[in-house]
Amino acid sequence: PLTARVNDQDHLEIGGCDVTQLVQQFGSPLYILDEQTVRVACQQYRQAFARHYPGESLVLYASKAWNCLAVCALVADESVGIDVVSGGELYTALAAGMPAQRIYVHGNNKGREELALAIAAGCTIIADNWYELNLLVDLVAQRRHTPLIDPHELPAGVALIQGSPRVMLRLTPGIECHTHEYIRTGHLDSKFGFDPNQMPEVLAFAAAHPEIEWIGVHAHIGSQIFEVAPHRDLTDVLVEWFVKAAQMGLPMQELNVGGGLGIRYTESDDPPSIEDWSKVVCEGIVAACQTWHLDYPKLLCEPGRSLIGPACVTAYTIGSRKVVPDIRTYLAVDGGMSDNPRPITYQSLYSLVLANRMSAPISEVATIAGKHCESGDILVKDAKIPVCEVGDHLVVLSTGAYNYSMSSNYNRIPRPAAVMVREGQANLILRRETYQDLLRQDCVPARLQTH
Ligand code: LLP
């Protein structure tokens with residue numbers, strides 16, 4: 001899906017921009033985000049839901065995958081909403097101009113201030129646990145006599161909202177799926193959501209608090225999932241709880257099936273398409289609604305990885321080479337686990353290409369190492385690549401999801417810049433961090449200050 005090709009200089013081109021030139025202009029490492037690929041994925045989700053679901057639907061972008069102003073503004077422009085999981089993501093989405101009606105606030109331990117910001121701006125909140133239910137009731141009571149936040153705490157141009165907060169209930173559906181243990185969320189032993197056994201009590205609590213608009217139920221089963229069956233199973237569970245909540249007199253309107261569709265990182269990955277996934281989800285909801293004689297609620301989904309993952313590549317420059325005779329060749333690049341912590345965290349696999357000699361024959365097996373002081377800082381183990389030289393540009397593919405968003409300054413390495421490319425134009429969307437940026441939050445006690 002990436003709008004990529006090889007140009008007449010044998011260089012990789014993305015969004016009409018020569019990757020080698022981009023690195024010369026913006027530096028290395030560099031995140032390169034292809035605008036069109038994100039737009040197409042947004043459209044595929046929206047169109048698939050419109051085609052397969054007779055009721056209203058809304059696609060939310062799970063911005064934990066990559067949250068920054070430009071990405072939020074881009075998905076807003078595609079009429080997609082956004083899922084945020086912290087005050088910081090929420091503030092960024094608002095500042096990017098995402099309408100509050102399309103912002104859904106997640107998290108398993110939202111703080112009082114985060115909830116206050118969400119209520120004051122008029123976002124929808126997904127309540128995860130009893131602590132939050134009590135906080136919500138408390139905040140609504142507080143708002144009767146004092147404003148929840150100072151209007152200055154909202155980004156410029158965002159208005160304070162007065163209406164009752166819209167709240168969805170998140171439940172743990174008890175559905176197992178095959179993905180990395182760290183990114184499974186739907187099984188009963190999960191830190192997220194209400195245990196289904198608690199739901200009757202939760203619904204009774206909600207019914208006793210009409211000052212909150214209890215509008216729906218939500219569940220998410222995990223990430224990088226290739227099977228569609230667990231998602232199909234989820235639709236039954238969700239509709240059942242939706243019906244029970246409506247029977248309690250709650251003003252149920254929306255159902256949120258979460259995200260989780262996997263993407264292709266290597267040739268052996270074979271995920272379903274956005275169309276196939278959406279069809280299964282929509283048909284599951286439709287069938288369950290018919291079973292319960294339920295009018296079609298508004299249907300939400302919140303993909304992150306499949307909306308942005310394939311749209312970005314990371315370009316690195318090759319530096320040192322270490323040959324361990326008969327064992328392995330290490331090729332080191334100028335980034336690593338601080339810009340892409342997924343291999344060291346989840347043993348994730350990635351594919352790569354040599355951007356400045358695309359048709360060079362594959363002629364060696366080398367392990368692509370990062371530059372961090374950590375043996376596990378390996379981006380791609382035993383990669384089959386052309387013979388590379390110092391200064392070559394190695395590009396790791398499909399780095400749009402959970403790379404920049406999980407990046408760090410480990411070893412005090414500044415974060416890379418990011419550019420958004422489209423039709424031969426590249427715009428900076430994240431400035432490269434500088435050494436001064438690294439010092440920005442540092443403070444030194446007076447007794448240690450030497451100058
Ligand atoms: N909704 C909820 C409530 C979630 O927890 C998540 C992801 C999503 C939606 C989006 O899921 P996606 O469509 O992206 O699979 N850092 C890990 C992934 C963590 C996913 C957390 N939740 C990784 O790099 O693989």
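Two strands are said to pair if DSSP finds at least two bridges between them, where strands (E, at least two residues) and helices (H or I, at least four) are DSSP runs numbered from the N terminus. The views below show a predicted model, in which local features need pLDDT of at least 70 and side-chain atom pairs count only at pLDDT 80 or more, while totals for chains, interfaces and linings use all residues. Residues are numbered from 1 along each chain as its sequence is written.

**View 1. Strands β5 and β6 in the barrel.** Strand β5 (residues 57-62) runs parallel to β6 and is joined to it by three bridges, and within this pair Leu60 stands opposite Gly81 of β6. Both strands belong to a closed barrel of eight strands, which runs β5-β6-β7-β8-β9-β10-β11-β12 with parallel pairing. From one strand to the next the twist averages 30 degrees, angles being taken from 0 to 180 degrees between N-to-C directions, with axes as lines fitted to C-alpha atoms, for helices over the stretch in contact.

**View 2. Strands β7 and β8.** Two bridges pair β7 with β8 in the parallel sense, and Val105 stands opposite Ile125 of β8. In strand β8 (residues 124-127), Thr124 and Ile126 point one way and Ile125 and Ala127 the other way, and all are buried; a residue is buried if 20 or more other C-beta atoms, placed from the backbone, lie within 10 Å of its own. In a regular strand the side chains alternate between the two faces of the sheet.

**View 3. Helix α4 against its surroundings.** Helix α4 lies across β6 and β7, running at about 160 degrees to β6. Its buried residues are Glu89, Leu90, Thr92, Ala93 and Leu94, and these pack against α3 (69-77), β6 (81-84), β7 (103-105) and α5, contact meaning that the C-beta atoms of two residues, placed from the backbone, lie within 7 Å. Just after α4, Gly97 takes a positive phi of about 95 degrees.

**View 4. The packing of α4 with α5.** Helix α4 (residues 87-95) packs with helix α5 (residues 112-121) at an angle of about 25 degrees, their axes lying 9 Å apart. The two helices are therefore roughly parallel, a term that covers angles under 35 degrees. On the α4 side the contact is made by Gly87, Leu90 and Leu94, and on the α5 side by Glu113, Glu114, Leu117, Ala118 and Ala121. These residues divide into five nonpolar, one polar and two charged, with Ala, Val, Leu, Ile, Met, Phe, Trp, Tyr, Cys and Pro counted as nonpolar, Asp, Glu, Lys and Arg as charged, and the others, Gly among them, as polar.

How values were computed
Parallel < 35°, antiparallel > 145°, perpendicular 65-115°, else oblique. Buried ≥ 20, exposed ≤ 12 C-beta atoms within 10 Å, placed from the backbone.
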